[in-house]
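Take a look at the protein below.

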Amino acid sequence: MAEEKILLAHGSGGKLSHDLIKQIFLPRFLNPFLEPLDDSAKITNRPGPVAFTTDSYVVSPLFFPGGDIGKLAVCGTVNDLSMIGAVPSYLSLSFIIEEGLPIELLKQIVFSVRESAEKAGVSIVTGDTKVVEHGAADRLFINTAGIGWIRPGVNLSSINAKPGDKILLSGYLGGHEVTILSQREGFKFQGELRSDCAPLNDLVEKMLDACPSIRCMRDPTRGGLATTLNEIASMSNVGMVIEEEKVPVQESVRGICELLGLDPLYLANEGKLIAICPPNEAERLLEVMRNHPLGRQGEVIGKVTEENPKRVVLHTLIGGHRILDMLTGGQYPRIC
């Protein structure tokens, strides 16, 4: 039996388009908001201020240890909402599909989207599908938008960091980007490499329950920890000091970075967060973090300072100091 593949006609708006929606998307995402198949979803329950985000996913390869483009799209959008203190609730999902993509592969990705959405507690309420000619895209791209409602009493922002605050990191750095690199280039490294791709909203909820005075949360995706801290330092007009010995990096990732000339402080992550909190809350927040499966390797990695505003300084393992500048360009393309 010949393998079914996506045709340009699947994006024409005609019968094949409707069949694709009814046979592949609707059975996995059906809910009262999506069921009418109107041009927009009507969201009627509005418990508070709305957070709204959008993102696009072009990762190559589509599947990798620890995830795939579908899981990445859901987790990335959920995490962006969570970092502003919102409860992620509704997602849109748009597929740009290259002609010739096997339909069975599309089904696998759609199933992964549904599984990830269920785990994160969000609903896919609207979407779109476009098919482009062979060679006009690299198999499949996904665009998302997300809506959530910000928790009462929470005010998370990159402008909130204050001198004396502590900086926490939820776990090991660099696993996602190193995994993508190894899969794409066919490197055979010793040890198991897996992306850390995961939805952080449950961890964030528990952290905010314990410490609603958290100043700022960010997920260090493209540009990694160093770039994200530079962004916060610049927005808050503060300095930061990071202790290298406290930054958790798996030995396998560290070894690969040394081999390839990469810096784990600049590698992308898809299941980690940075939290900045008042100094008297740090130990309690760290305990909450380590009690969660996604924060087991959490550490207090540094502090916010009045000195050196808009700069991030690393105290190195050998007792020296190093300025961590913002990454000028990506170390490796298409990692999310």
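The radius of gyration of the protein chain is 21 Å; a compact globule of 336 residues would come near 20 Å, so the chain agrees with that expectation. Keep in mind that this is a predicted model. Along the principal axes, the C-alpha atoms fill a box of roughly 65 × 50 × 30 Å.

The chain holds eight helices and 13 strands. Contacts reach across the sequence. Among those with a separation of 6 or more, 86% join residues 24 or more positions apart.

How much of the chain is buried? Buried residues make up 51% of the 336 residues. Charges come next. There are 33 positive and 41 negative ones, and their mean positions lie 2 Å apart.

Now the interior. In soluble globular proteins, nonpolar side chains tend to be buried together.

| Nonpolar core | Number of residues | Residues include |
|---|---|---|
| Largest core | 73 residues | F95, L106, I167 |
| Second, separate core | 22 residues | M83, L208, L286, V288 |

In the largest core, the residues with the most contacts inside it also include L225, M240, V247 and L265. Helix α3, residues 103-120, gives the most to this core: eight residues.

Which residues does F95 touch, not counting residues up to four places away in sequence? Among them are F25, L106, I109 and V110. F95 also touches D128, T129 and K130, as well as L140, F141 and I142.

Technical notes. Residues numbered from 1 in each chain as written. Predicted model: local features only at pLDDT ≥ 70, side-chain atom pairs only at ≥ 80, totals over all residues. Heavy atoms only, no water. Helix = DSSP H or I, 4+ residues; strand = E, 2+ residues; numbered from the N terminus. Rg over C-alpha atoms; globule rule 2.2 N^0.38 Å. Buried < 20%, exposed > 50% of the residue type's maximum accessible area, 1.4 Å probe, protein only. Contact = heavy atoms within 4.5 Å. Lys, Arg positive; Asp, Glu negative; His and termini not counted. Charge placed at Lys NZ, Arg CZ, Asp CG, Glu CD. Core = buried A, V, L, I, M, F, W, Y, C linked by side-chain atoms within 4.5 Å.
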